[in-house]
Amino acid sequence: MKNAPKPENGKKIVIVSSVFIAFLITIAFVNEIQFDSLSTISKCTIHSPSSQNSLPPAVKSSENDIRILIGILTRADNHERRHFLRLVYGTQTVTGAKIDVKFVFCNLTKEDQKILLALEIMLHNDIIIMNCKENMDNGKTYTYFSSLPDMLNNGSGSINPPYHYVIKADDDTYFRLPKLVETLIPLSREDLYYGYVVPCPSMDPFVHYMSGMGYLVSWDIVEWIKDSDIPKRHMTGPEDKVFGDWLREGRRAKNRYNAKWSMYDYPEPATRCTHELWPDTVAVHRLKTQEKWVRTLEFFNVTHDLKHSKMYHIH
């Protein structure tokens, strides 16, 4: 029994072990406190008022801003033209107005359209599909204007009128939105008919009618088109001339604005309706090819706000 441990040695081992375990527990407790403190500090930093205030404030449009709906009458299959026009209008900066651009066509007739158009609507929400058979001069324009009041008046809480002005535009017309707004500011917001008077030599908007390249009316005229029997009796024929006939027969549009020569056809080929590109342009019509679009956009220097970047080199 020479090597048997003494009782005193056993007590010492127990004491040392207890002290070591207590030391480990203390360290773990301190680390937990520090971790909780760091987590609390991190949460306070993420949600602190100073961090929220560093975000840019949302831009709010004034109640006095002009509200304009531009309805571009086109066809369901013209996907590429719509994507291009979204660039053309989405990159324009306008002050003093809220402008919505929508693409307007009649009922879909193909299975692939249902998928492709659904994707466009989900992404852009800028398409109006009307209950009509696709056409140019057999009621499409009437359906567009007459559908808007029920489509846009969503109850007592909605803005009235939803738009001050509504435009019917062709998809080969380029509107320069700041110039458009500039010409509208001094004009009436009631009983207004605005556009390019045709025939081309005419300058009197009360004798003739506005070209289908793009004409504008005030919201009260839109409501009149919906409620009046005059348009219902006369839908067939060149849509811009028919539209002018409605207003003449109904004695509407006492306020008229001839935007000639701020609106005109593209210079080539030269006709009595064409005009050289110039700085005070509101709209250019008959941009039938990409070359004409590019030359027009280049003339107005639409990419002058492009910022320099190492990501691209455009000279």
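Residues 24 or more positions apart account for 70% of the contacts in the protein with a separation of 6 or more, where a contact means heavy atoms within 4.5 Å. What you see above is a predicted model, in which local features need a pLDDT of at least 70 and side-chain atom pairs count only at pLDDT 80 or more, while totals for chains, interfaces and linings use all residues. Residues are numbered from 1 along each chain as its sequence is written, and side-chain values use heavy atoms, with hydrogens and water left out.

Let us begin with the whole protein. Its average pLDDT is 85, and 79% of the residues score at least 70; pLDDT is the predictor's confidence in each residue, from 0 to 100. Over residues 23–60, however, the pLDDT is below 50, and beyond near neighbours in sequence this stretch has three contacts in the model. The protein contains ten helices and twelve strands. These are DSSP runs numbered from the N terminus, with helices (H or I) of at least four residues and strands (E) of at least two. Of the 315 residues, 41% count as buried. Buried means under 20% relative accessible area, exposed means over 50%, and partly exposed lies in between, using a 1.4 Å probe and protein chains only. The accessible surface comes to about 19,500 Å², and 58% of that belongs to carbon and sulfur atoms; such areas come from the Shrake-Rupley method with a 1.4 Å probe, and for residues only the protein chains shown count as cover.

Now for a closer look at one residue. Thr173 sits in the loop between strand E4 (165–170) and strand E5 (174–175). Is Thr173 buried or exposed? With a relative accessible area of 1%, Thr173 is buried. Leaving aside neighbours within four places in sequence, Thr173 is in contact with Tyr89, Met213, Ala283, Val284, His285 and Trp293.

Next, follow the chain to Asn255, which has its place in strand E10. Asn255 counts as partly exposed, at 31% relative accessibility. Which residues does Asn255 touch, not counting those up to four places away in sequence? They are Ser188, Glu190, Asp191, Leu192 and Tyr193. Asn255 and Glu190 are 65 residues apart in sequence, yet 7.7 Å apart in space, C-alpha to C-alpha. With Ser188, the side chains make a polar contact at 3.5 Å. A polar contact is a pair of N or O atoms within 3.5 Å; within protein, one must be able to donate a hydrogen and the other to accept it, and residues adjacent in sequence count only if both atoms are side-chain atoms.

Asp191 has a positive phi of about 50 degrees although it is not a glycine. Asp191 is found in the loop between helix H6 (177–184) and strand E6 (192–195), and at 13% relative accessibility it counts as buried. Arg251 also has a positive phi, near 55 degrees, in a residue other than glycine. Arg251 lies in the loop between helix H9 (239–249) and strand E10 (255–258), and is exposed, with a relative accessible area of 71%.

Finally, there are cis peptide bonds to find. One runs from Val198 to Pro199, with omega near 5 degrees, and Pro199 is in the loop between strand E7 (197–198) and strand E8 (209–210). Another joins Glu268 and Pro269, with omega about -5 degrees; Pro269 belongs to the loop between strand E11 (263–265) and strand E12 (283–285).
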